[in-house]
Amino acid sequence: MNEILTLPATPRDLATKVRDLRNERKIPAEYYGKEKENLHLAIDYQTFRKVFRAAGSSSIVNLAVEGESEPREILVQNVDYNPLTDEFLHIDLMQIERGKKMITKVPIRLIGESPAVKTLGGILTNNKNEIEIKCLPRDLLKEIVIDIAELEEIGATVRVKDLEIDSKKYEILEENETMIVTIIAPKTVEEEEDLEENVGEAVSDEVAKEGEEEKAAAQASKESDTEKKEKGGNK
């Protein structure tokens with residue numbers, strides 16, 4: 001079993017503005033636990049970054065809250081990011097219940113090189129980046145690895161049912177036929193030309209439509225001004 005990482009945290013005073021907290025390079029966090037009071041926490045940015053990079057969202061982490069003698073076992077349930085800078089904005093932490101199965105999402109990592117891509121010019125399409133599973137906390141997976149070197153032909157696929165996972169430990173909460181990875185044929189020159197032509201026609205139609213709408217709006221405005229003038233003259 002991998003070593004469980006520790007994530008230090010301090011209780012957060014809600015009177016402190018989140019902006020001030022982030023200026024101190026700390027992240028606001030919420031701890032959610034069953035039969036335990038939820039906690040408002042602050043976590044050092046760089047410390048969380050290192051722990052999250054190693055543990056991800058499907059590995060148990062020891063949450064060491066300042067002032068408590070024992071750490072709390074948690075999962076990083078959700079992370080909010082700044083859409084412009086991709087920096088962490090907020091974290092949700094979920095309590096682990098030992099001996100009770102839980103649902104979590106496990107990332108998928110692709111390794112190797114597909115002969116269908118390398119020699120046949122196929123295009124690798126990755127349809128899912130994570131898989132939802134149900135298991136005991138002690139059996140949590142950090143990731144599921146798929147070797148795409150086995151995809152040797154155009155049309156080769158990996159579906160949920162093809163994953164090599166111990167069914168006694170893990171219940172996959174996805175449809176068996178759900179596509180994870182597939183190799184599609186490269187577009188021919190004719191298909192590329194048709195695509196460019198269709199895109200060009202669509203753009204032309206859109207420009208023409210916008211032109212007609214602008215004309216109609218201008219005409220309506222002109223008619224409205226005329227009506228106002230006529231009403232003014234009749235007073």
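How many Å² does the accessible surface of the protein come to, and what percentage of it belongs to carbon and sulfur atoms? The accessible surface comes to about 15700 Å², and 47% of this area belongs to carbon and sulfur atoms; areas were computed by the Shrake-Rupley method with a 1.4 Å probe, and for residues only the protein chains shown count as cover. The model is predicted, so that local features need pLDDT of at least 70 and side-chain atom pairs count only at pLDDT 80 or more, whereas totals for chains, interfaces and linings use all residues. Residues are numbered from 1 along each chain as its sequence is written, and side-chain values use heavy atoms, with hydrogens and water left out.

The protein contains 4 helices and 13 strands, these being DSSP runs numbered from the N terminus (helices: H or I, at least four residues; strands: E, at least two). Of its 235 residues, 29% count as buried, where buried means under 20% relative accessible area, exposed over 50% and partly exposed in between (1.4 Å probe, protein chains only). Among contacts with a separation of 6 or more, 67% are accounted for by residues 24 or more positions apart, a contact being heavy atoms within 4.5 Å.

Nonpolar cores were examined next. A nonpolar core is a set of buried Ala, Val, Leu, Ile, Met, Phe, Trp, Tyr and Cys residues joined through side-chain atoms within 4.5 Å. In soluble globular proteins, nonpolar side chains tend to be buried together. The largest nonpolar core has 24 residues, of which Ile131, Ile146, Leu151, Leu163 and Ile180 touch the most other members. At least two residues of this core come from each of strand S7 (102-111), S9, strand S10 (144-147) and strand S13 (179-184). A second, separate core has 22 residues, including Ala9, Phe48, Leu63 and Val76.

Ile131 is located in strand S9 (residues 130-135) and counts as buried because its relative accessibility is 0%. Not counting residues up to four places away in sequence, Ile131 touches Thr104, Lys105, Val106, Ile108, Ile144, Val160, Leu163, Ile172, Glu174 and Ile180. Between Ile131 and Glu143, which are 12 residues apart along the chain, the C-alpha atoms are separated by 9.2 Å.

Helix H2 spans residues 45-55, and its buried residues are Tyr45, Phe48, Val51, Phe52 and Ala55. These residues lie on the same side of H2 because they cover an arc of only 135° around the axis, the arc being that of the directions from the helix axis to the C-beta atoms. On the face turned away from the buried side, H2 carries the exposed residues Lys50 and Arg53. The cover over the buried residues of H2 includes strand S1 (5-11), strand S2 (26-32), strand S3 (39-44), strand S4 (61-65), strand S5 (72-81) and strand S6 (88-95).

Both ends of H2 were also described. At its start, a side-chain oxygen of Asp44 reaches to within 3.4 Å of the backbone nitrogen of Gln46. Gly56 follows H2 and has a positive phi, near 65°. This glycine is found in the loop between H2 and S4 and is buried, with a relative accessible area of 19%. Leaving out residues up to four places away in sequence, Gly56 touches Val51 and Val76. Gly56 and Leu75 are 19 residues apart in sequence, with a C-alpha to C-alpha distance of 8.6 Å.

A search of the whole structure finds 10 salt bridges, a salt bridge being a side-chain nitrogen of Lys or Arg within 4 Å of a carboxyl oxygen of Asp or Glu. One of them joins the side chains of Glu68 and Arg72 (2.6 Å, N to O). Glu68 is partly exposed, with a relative accessible area of 32%, and Arg72 is buried, at 14%.

Arg159 forms a salt bridge with Glu177, the closest N and O atoms being 3.7 Å apart. Arg159 lies in strand S11 (residues 157-159) and Glu177 in the loop between strand S12 (171-172) and S13, so this pair ties together parts that are 18 residues apart in sequence. Glu177 also forms a salt bridge with Lys161, with the closest N and O atoms 2.9 Å apart. Lys161 lies in the loop between S11 and S12, so the pair ties together parts that are 16 residues apart in sequence. Through shared partners, salt bridges join Arg159, Lys161 and Glu177 into one network. Arg159 counts as partly exposed at 23% relative accessibility, as do Glu177 at 44% and Lys161 at 47%.

Notes. A polar contact is a pair of N or O atoms within 3.5 Å; within protein, one must be able to donate a hydrogen and the other to accept it, and residues adjacent in sequence count only if both atoms are side-chain atoms.
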